[in-house]
Amino acid sequence: MTQIVKFKAFHKKDKIILEWNIIKQSAWNDRECSLMYDILVRRKDDYVILPFTGRTDKNGRDIYAGDNCKCFNLTLSEPLLGVIEYKEELTAYVLRLKIDNSYSVLYGFHEIEIIGSEYQQEPEE
């Protein structure tokens, strides 16, 4: 099995998420420094790194840490709502539940739907 390594980055000051396609395609910024080097090394304190989980949601979108999701389990009648995080002690991605901050391992869900991001405010309706 091949592990795909990619990430998104949340810029803390500007409150924007840089998508993987922008990071990998932007070879140089205006200071002639690799954008990826800038995010990971030179200005790492300015960013929150959001790693790819290796999974896609029911619509084919890549799932990253920080994504707000609806997760469906065969034993539950209603989906669980939460945010995707990485738990080092489990060496696994989990869904931190909105209702009580408990968590459930991501591989326990048969269907996941991304509904937003913890790092970007959702548009008001």
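**Helix and salt bridges**

Guide: Asp38 and Arg42 both belong to helix H2 and lie 4 residues apart, so about one helical turn separates them. Please keep in mind throughout that this is a predicted model.

Visitor: What do Asp38 and Arg42 form with each other?

Guide: They form a salt bridge, in which the closest N and O atoms are 3.8 Å apart. Asp38 is buried, with a relative accessible area of 1%, whereas Arg42 counts as partly exposed at 41%.

Visitor: Which residues are linked with Asp38 in a network of salt bridges?

Guide: The network links Asp38 with Arg42, Arg43 and Asp46.

Visitor: Back to the helix, then. Which residues of H2 are buried?

Guide: In H2, which spans residues 35–42, the buried residues are Leu35, Asp38 and Ile39. They cover an arc of only 95° around the axis, and therefore sit on the same side of H2.

Visitor: Changing topic, how many salt bridges does a search of the whole structure find?

Guide: The search finds 9 salt bridges. One of them joins the side chains of Asp62 and Lys6, with an N to O distance of 2.5 Å. This pair links distant parts of the chain, since Asp62 is in strand S4 (residues 62–64) and Lys6 is in the segment before S1, 56 residues apart.

Visitor: Is Lys6 buried or exposed?

Guide: Lys6 is buried, with a relative accessible area of 18%, which falls under the 20% cut-off for that class.

Visitor: Which residue forms a salt bridge with Lys8?

Guide: That is Asp67, and the closest N and O atoms of the two residues are 3.6 Å apart. Here too the pair links distant parts of the chain, with Asp67 in strand S5 (residues 67–72) and Lys8 in strand S1, 59 residues apart.

Visitor: How accessible are Asp67 and Lys8?

Guide: Asp67 counts as buried at 3% relative accessibility, and Lys8 is buried as well, with a relative accessible area of 8%.

Methods
Residues are numbered from 1 along each chain as its sequence is written. This is a predicted model: local features need pLDDT of at least 70, side-chain atom pairs count only at pLDDT 80 or more; totals for chains, interfaces and linings use all residues. Side-chain values use heavy atoms; hydrogens and water are left out. Buried means under 20% relative accessible area, exposed over 50%, partly exposed in between (1.4 Å probe, protein chains only). Helices (H or I, at least four residues) and strands (E, at least two) are DSSP runs, numbered from the N terminus. The arc is that of the directions from the helix axis to the C-beta atoms. A salt bridge is a side-chain nitrogen of Lys or Arg within 4 Å of a carboxyl oxygen of Asp or Glu.
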